[in-house]
Amino acid sequence: GIRPKHLSGAADGAAMLTPTVTSLEPVGNEVFVNLQLGDTTLVARLPPENPPEAGRPVGMSLRGRELLFFDPQSGRRLPA
């Protein structure tokens with residue numbers, strides 16, 4: 001599982017993912033950025049300064065140590 005706080009804008013071209021921005025949801029001190037990567041829909045929680053443009057690809061990186069993994073058959077969370 002990837003929570004919105006686990007995604008961040010890639011700095012200096014160090015993108016691990018390059019999804020397309022489908023829409024933006026400004027909510028005060030942050031922006032929820034809805035993303036599409038192939039058949040997968042993602043949401044990133046970013047600072048409101050310089051938000052990406054809808055319809056364009058954006059470089060994103062993952063905070064891998066915080067990712068969540070689940071057993072596909074039982075649905076139970078696997079230990080880190």
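**Figure 1. Antiparallel pairing of strand 3 with strand 4.** In this predicted model, strand 3 and strand 4 pair in the antiparallel sense over 7 bridges; two strands are taken to pair if DSSP finds at least two bridges between them. Strands are DSSP runs of E with at least two residues, helices are runs of H or I with at least four residues, and both are numbered from the N terminus. Val 31 has Leu 46 of strand 4 as its bridge partner. Gln 36 is likewise bridged to a residue of strand 4, namely Thr 41. The hairpin of strand 3 and strand 4 has 2 residues between the strands, and within this hairpin Gly 38 takes a positive phi near 65°.

**Figure 2. The hairpin of strand 2 and strand 3.** Strand 2 and strand 3 pair in the antiparallel sense over 6 bridges. Leu 24 stands opposite Val 33 of strand 3. Between the two strands of this hairpin there are 4 residues, and Gly 28 has a positive phi near 85°. In a regular strand the side chains alternate between the two faces of the sheet.

Figure 3. Thr 22 lies in strand 2. With a relative accessibility of 46%, Thr 22 counts as partly exposed; buried means under 20% relative accessible area, exposed means over 50%, and partly exposed lies in between (1.4 Å probe, protein chains only). When residues up to four places away in sequence are not counted, Thr 22 touches Asn 34, Leu 35, Gln 36 and Ala 54, where contact means heavy atoms within 4.5 Å. Thr 22 and Val 33 are 11 residues apart in sequence, and their C-alpha atoms are 7.7 Å apart in space.

**Figure 4. The salt bridge between Glu 30 and Arg 45.** The side chains of Glu 30 and Arg 45 meet in a salt bridge with an N to O distance of 3.3 Å. Glu 30 is located in the loop between strand 2 (20–26) and strand 3 (31–37), whereas Arg 45 belongs to strand 4 (residues 40–46), so the pair ties together parts that are 15 residues apart in sequence. A salt bridge is defined as a side-chain nitrogen of Lys or Arg within 4 Å of a carboxyl oxygen of Asp or Glu. Arg 45 is partly exposed, at 37% relative accessibility. Side chains of opposite charge can pair when their charged atoms come close.

**Figure 5. The salt bridge between Arg 56 and Glu 53.** By the rule given for Figure 4, the count comes to 2 salt bridges. One of them joins the side chains of Arg 56 and Glu 53, at 3.6 Å from N to O. Arg 56 is partly exposed, with a relative accessible area of 48%, while Glu 53 is exposed, with a relative accessible area of 51%.

**Figure 6. Asn 50 in the loop between strand 4 and strand 5.** Asn 50 is found in the loop that runs between strand 4 and strand 5 (60–62). Although Asn 50 is not a glycine, it has a positive phi of about 50°. The residue counts as exposed, its relative accessibility being 75%.

Figure 7. Gly 9 lies in strand 1, which covers residues 7–9. Its relative accessible area of 43% makes Gly 9 partly exposed. Leaving aside neighbours within four places in sequence, Gly 9 is in contact with Leu 46, Gly 59, Met 60 and Ser 61. Gly 9 and Glu 66 are 57 residues apart along the chain, and their C-alpha atoms are separated by 16 Å.

**Figure 8. The whole chain as context for the close-up views.** The protein has 0 helices and 5 strands, in the order β-β-β-β-β along the sequence. Its C-alpha trace spans about 40 × 25 × 25 Å along the principal axes. Of the 80 residues, 22% count as buried. Among contacts with a separation of 6 or more, 55% come from residues 24 or more positions apart.

**Notes.** Residues are numbered from 1 along each chain as its sequence is written, and side-chain values use heavy atoms, with hydrogens and water left out. For this predicted model, local features need pLDDT of at least 70 and side-chain atom pairs count only at pLDDT 80 or more, whereas totals for chains, interfaces and linings use all residues.
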